Amino acid sequence: MKKKVALLAPAVALGLTTMAGAPAMADHAAGSYSTTLNQVNNSGASGTAWIDVNGTEATVTIETSGLAETFMDNPYPHVQHIHIGAQGTCPTMADDANGDGIVSTPEGQPSYGMIGTTLSLEGSTGPEAGTDVTVAPSGSSFTYERTFELNQETQDALANGTGVVVVHGLDPANQPAAATETMSSLPGAESLPLAATAPALCGPLDMQPAGGADTGVTAAEPAAEESNGMGVALLGGGLLAAAGGAYAVRRRMVADR
Ligand SMILES: [Cu+2]
C-alpha cells in the first residue's frame, strides 16, 4: 500500500499545481518553451527554438545554422513546423522503417506526430500550409521570428509536453541516393524529392520555469495578415510546381554525370 500512495502523490501534487496556475482554459499553454534543435539524418545542422505563449498568441523564434544552402542557385527552402499529438520526441536512424538510409517525415511521425502549426513567414500557420516552400525560411542559416494566433491543437500539445519543432530539407549531396531518387509521399509535395521534405533538425519543446505572473492582457490584433492567406496558397501551388520542376532538372543533371 505504501508503494501505491507514493505513486499517486506526484499526480495529485501536479493536479493542484495545474489548477492554481491556470485560471482560464485558454491560458493553459501560457508560458515560455524552448528546445535545442538537433540534427536528423546526419544533416550537420544545429539550432535553437523559443516559443512564448501569451493567451492564445505565440511568438516563435528559431535560429538555425548548417542547413542545406542552395538549390539550383536559389536559397534552399526549409519548411518548418510544430509537430503534435505523438510521443513528443525526435526520431533516430532506427526509425528508418524502409531502410533507405533516410528518416522520412512519415517515418518520424510515430515520434513527433502530425503538423500542428506551420512556422511560415507569412499567411496561414495552419497544417495546410505545411509544404508551401514559398513561405518557408531559406538558406543554410536563418533567424525566424513571428507572432501569430496559436491554434487550439498546438496549445494543447505544448501544455501536455508533446510539441516538437521540426525543420525540413536535406542537402542531397550528403545523403543516400534515395534522397533524390524517391519522391516525397507528403500530400501536396509529391513533386518534390524526398530530400526536400525529410527532417533536418528536431527538438522537443520543454516549458521553461515561470519568470513571474502572467500579465494576461493581450490586445486584439488586426486580422489583415490572415486576409491574404488564400492568395498566398494559390501562388504557392504554382511555385511549388516550379520548384518540383527545378528538382527534376537537377536530378537529370546528376544522372548525366
Ligand atoms: Cu514538419
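1. Accessible areas here come from the Shrake-Rupley method with a 1.4 Å probe. On that basis, the chain has about 12,900 Å² of accessible surface, and 59% of this belongs to carbon and sulfur atoms.

2. A quick word on what you're looking at: this is a predicted model, where local features need pLDDT of at least 70, side-chain atom pairs count only at pLDDT 80 or more, and totals for chains, interfaces and linings use all residues. Residues are numbered from 1 along each chain as its sequence is written, and side-chain values use heavy atoms, with hydrogens and water left out.

3. Now the fold. DSSP runs give 7 helices and 11 strands (helices are H or I, at least four residues; strands are E, at least two). Of the 257 residues, 42% count as buried, meaning under 20% relative accessible area with a 1.4 Å probe, protein chains only. Take the contacts (heavy atoms within 4.5 Å) between residues at least 6 apart in sequence: 74% of them join residues at least 24 apart.

4. Next, the metal. His81 (ND1), His83 (NE2) and His168 (NE2) coordinate the copper ion at 1.9 to 2.0 Å. Donors are N, O and S atoms within 2.8 Å of the metal (3.2 Å for Na, K and Ca), and water is not among the atoms, so sites may look incomplete. The donor residues follow the spacing H-x1-H-x84-H in sequence. Both His81 and His83 are buried.

Definitions and conventions
Buried < 20%, exposed > 50% of the residue type's maximum accessible area, 1.4 Å probe, protein only.
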